[in-house]
Amino acid sequence: SAIYKNVISGRLKSPFIRVEDRSRQYRPFYLQLSSFPFLNYCVPKPYSPFEVDKKYPGQKQTQSKERNKINSDKDCGMPAQFPQKDKKKRGYCECCGKKYEDLQTCVATLNISFLEESKQKPLCQFS
Amino acid sequence: TAGVKKDIEKLYEAVPQLVNVFKIKEKIGEGTFSSVYLATAQLQTGYEEKMALKHLIPTSHPLRIAAELQCLTVAGGQDNVMGVKYCFRKNDHVVIVMPYLEHESFLDILNSLSFEEVREYMFNLFKALRRIHHFGIVHRDVKPSNFLYNRQLKKYALVDFGLAQGTPDTKIELLKTAHSEDQQGSCLQMNPTVTLGNEVSVSVTAPKQIAQQSASKAADRRSSSFSKIQMKQGRGGKEDSVHHSVQRSVFGERNFNVYSSTYQENSSTKLIKQSKVIDVSSRKLITKKKIISTKTVSNGAARKAASACPLNLPCDCYATDRVCSVCLSRRQQVAPRAGTPGFRAPEVLTKCPTQTTAIDMWSAGIIFLSLLSGRYPFFKASDDLTALAQIMTVRGSRETIQAARTFGKSVVCTQVVPTQNLRTLCEKLRGTSSSCTRSQGEGPSRSENNTALLVAADKPCAPETLGKQIQHLQSVQEGDGALETKETDMKGWDQVPDEAYDLLDKLLDLNPATRITAKEALLHPFFKDIRL
């Protein structure tokens, strides 16, 4: 076991990457992978050599989804496929300073006076 | 397209002025923060012109919108940088009108481009980057879909300043309020991750915008330069203050609440309340007046300590394979990371607070890498550190670690992977070789940890076994199987000069301080006597 008596610390499982600011003022962040990525030349063009899609015959699954995602910034660049209709757009409104579950409701409650107050020159046509 | 029709109707409704001017034809793009439409306008000359209408998400702050417009008006309109024709607004709906440039899909043409076309493409990309960098704009989202390319007309346009940031000396007035604020506000980043029994709770001045990541396409994200966002995973509740647990002397003190960072699906990981700084659409605008609501704390001393940034207790985990309750209770460093995964430079991936125009040059290098290898996207990672690992497999782990030191980051990586020869790499990936082989690198540096412990049952094999395979690479020149069915014309790909890979090497310089600039790139021998 990697846990020392009396010390609340954990040992990272290899393979891992650990990043910490050299000032030592900030929290380290890390990623433990089930396997380290590698250049896979058998992925057909034009796909990424890091593509881990099973649809390519003869290709080995290399990066399991069983990764420990603790403390790594995930990108949700590939969101689950929602049906395009009725998709509620969640997000954050910079104007209200609130997050919203549904864009429509946020926009509806937007305080228009905010725009007037915001000292911005009115956006207008450029010639 | 029924949905699109509805969107077009809604757009006319939201901004009625458009009705008199434009015929909106179709939706040609949709991002997290805007939708783009193709429209035609009847000009006074009687000529009908195609235009692109960018409808910004109504939640955008006026300052952000104005900054984007200023980038277009000041830097745009020449040197392959998109300009702006008009802008329409009604209330919170803003539509930016730009000239329309019909363009190719990068993926569709990637493997049919001639080498000469690739050279011209890169030259024109650097022209655009030189221009915006001259104005002190860091684009942050340089990628093929933001660099429009019309192959027939040989026209190019760098678009989308929605994520742009200013350099410290930026000439774009409105970006001055919105450049990276490294230390600023980081005192507010209090992220307790480990709760250690009965702890001393210290209230910290941290009004946090808890952001929910947009579930929609978030390929491009807004920069955290406008905001500091916290997301508590799991119990993503609202909180006005974050309680920071301070454990006085963790070492040598018995605590039953043992935390192990080792991953076991249902072990102590629930102790870790992951909080992260993300850079989705949630963005708090940094204005000169920064309002911080301090939560009154009964304990004056505690408040004093809190307002002056928590003291960082030392620990022995630095540059090791360990983390502990002490270092994990420190605040997270905040650095901008808006952009697209796979195009982020190493200094972005490692949260370097000072990011320069060099991050755009890295992205340009990634585009060049795609063009030379015929692979797009080249890197495919779902998180920043996986992206960094993938970069290491191309540029070398030691090299990546060394470069990171120069910009203030300690990187520990168990895997030792060698740097690849760029020519060999690109030719292998571009070639039609059927050899299926793992890049011959050294194995993990610590053999006792050779195999991942958590090999899922459905995994066909560990990659280590692949490494045993022998490479049978047939070079493209040998022609075997590399013949096009239609033509044997190699389009210049059989004689890619060394200069190409030299430039690629300089773009993918792991050290942002020495990475080639756009101005320098245009003078690189790779572009000598380019036909303009």
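## Chain B: surface, a lysine site and a helix pair

The accessible surface of chain B comes to about 22,400 Å², with 51% of it belonging to carbon and sulfur atoms (Shrake-Rupley method, 1.4 Å probe). This is a predicted model: local features need pLDDT of at least 70, and side-chain atom pairs count only at pLDDT 80 or more, while totals for chains, interfaces and linings use all residues. Residues are numbered from 1 along each chain as its sequence is written, chains are lettered from A, and side-chain values use heavy atoms, without hydrogens and water.

Chain B holds 14 helices and 16 strands (DSSP runs of at least four residues for helices, at least two for strands). Of its 532 residues, 59% count as buried (under 20% relative accessible area, 1.4 Å probe, protein chains only).

UniProt, in an unreviewed entry, places a "binding site" at Lys54(B); such annotations may be inferred rather than shown by experiment. Lys54(B) lies in strand E3. Its relative accessible area is 6%, so Lys54(B) is buried. Beyond four places in sequence, its contacts include Val36(B), Ile96(B) and Asp160(B) (heavy atoms within 4.5 Å). Its side chain makes a polar contact of 2.6 Å with the side chain of Glu68(B) (N or O atoms within 3.5 Å, one able to donate a hydrogen and the other to accept it).

Two helices of chain B pack at about 115°, with axes 7 Å apart (lines fitted to C-alpha atoms; angles run from 0 to 180 degrees between N-to-C directions).

| Helix | Residues | Contact residues |
|---|---|---|
| H9(B) | 384–395 | Leu388(B), Met392(B), Arg395(B) |
| H10(B) | 397–406 | Ser397(B), Glu399(B), Thr400(B), Ile401(B) |

How values were computed:
Buried < 20%, exposed > 50% of the residue type's maximum accessible area, 1.4 Å probe, protein only.
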